[in-house]
Amino acid sequence: MRRRSFVKACALGAGYAALNPSVILAGELRARHYERVRLVDNRGAPLRPGAVRPRRNYVFQYPYPSTPVFLLNLGLPVNGHNGLITEGGDRYSWSGGVGPGRSLVAFSAICAHKLAHPTPSVSYISFRNPRNDEDPSTGVISCCAENSTYDPVRGGEVISGPAGQPLAAVLLDYVEDEDALYATGTLGGELFQRFFDDFEARFSLEYPDGDADAQVAGEATVVPLENYSRNLMRC
């Protein structure tokens, strides 16, 4: 698996933060800035926030063609959350939802335990609504592979299970004049290099040109998870 684009992205993210200290609080983990990519629907039209149905799973690929992301409309304003901690002990603060109602959030769809993620054949991880007065009442991102659950209202924080850190957040920018959404980077504990290494054999078949770790540029298509994965596992 090629590593040059991954290393370059990390270097660019560090440089951006060094030149723009407002992107982080003192002593906190830096945001990593990748290509600014417009989110579009399956017809190639700009994705309008109003088209993202509340509490439904949507997925797009970012910042690489092989790394899936959940886009969620949680149906309520989502405030930021402080004190998130990666498995390596780095602290960071998440700024919350975006869009007209501040209800739109995005997280890496790669589970922080054993890297379960949506594929065209199956997805063991997805957002689900609460059941039987379950807490939190706003729903969870649940991975049925090893029973880790995450709270999307609290920056992808781990609720239960063996996962050692929150889901990495994907940074979204809402441009009001365009009524458009852009993905701009990530925040939190990225697992991309481990992901590329663990699935190298599969990616060599799925991406014969070797671009599994080439940055997405321009646009990223957002689709309902049920249109992306043929089988959605529930637990």
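1. A salt bridge here is a side-chain nitrogen of Lys or Arg within 4 Å of a carboxyl oxygen of Asp or Glu. By that criterion, a search of the whole structure turns up 10 salt bridges. Please keep in mind that this is a predicted model, where local features need pLDDT of at least 70, side-chain atom pairs count only at pLDDT 80 or more, and totals for chains, interfaces and linings use all residues. Residues are numbered from 1 along each chain as its sequence is written, and side-chain values use heavy atoms, with hydrogens and water left out.

2. D41 is buried, at 13% relative accessibility, whereas R43 is exposed, at 71%.

3. Next, have a look at R154, which forms a salt bridge with E157; the closest N and O atoms are 2.9 Å apart. R154 has a relative accessible area of 37% and is partly exposed. E157 counts as partly exposed too, at 23%.

4. Finally, R202 and E206 join their side chains in a salt bridge of 3.0 Å, N to O. Both residues belong to helix α3 (residues 200-206), where they sit four residues apart, about one turn of the helix. Helices here are DSSP runs (H or I, at least four residues), numbered from the N terminus. E206 is partly exposed at 42% relative accessibility, and R202 is partly exposed at 27%.

Terms used
Buried < 20%, exposed > 50% of the residue type's maximum accessible area, 1.4 Å probe, protein only. Helix = DSSP H or I, 4+ residues; strand = E, 2+ residues; numbered from the N terminus.
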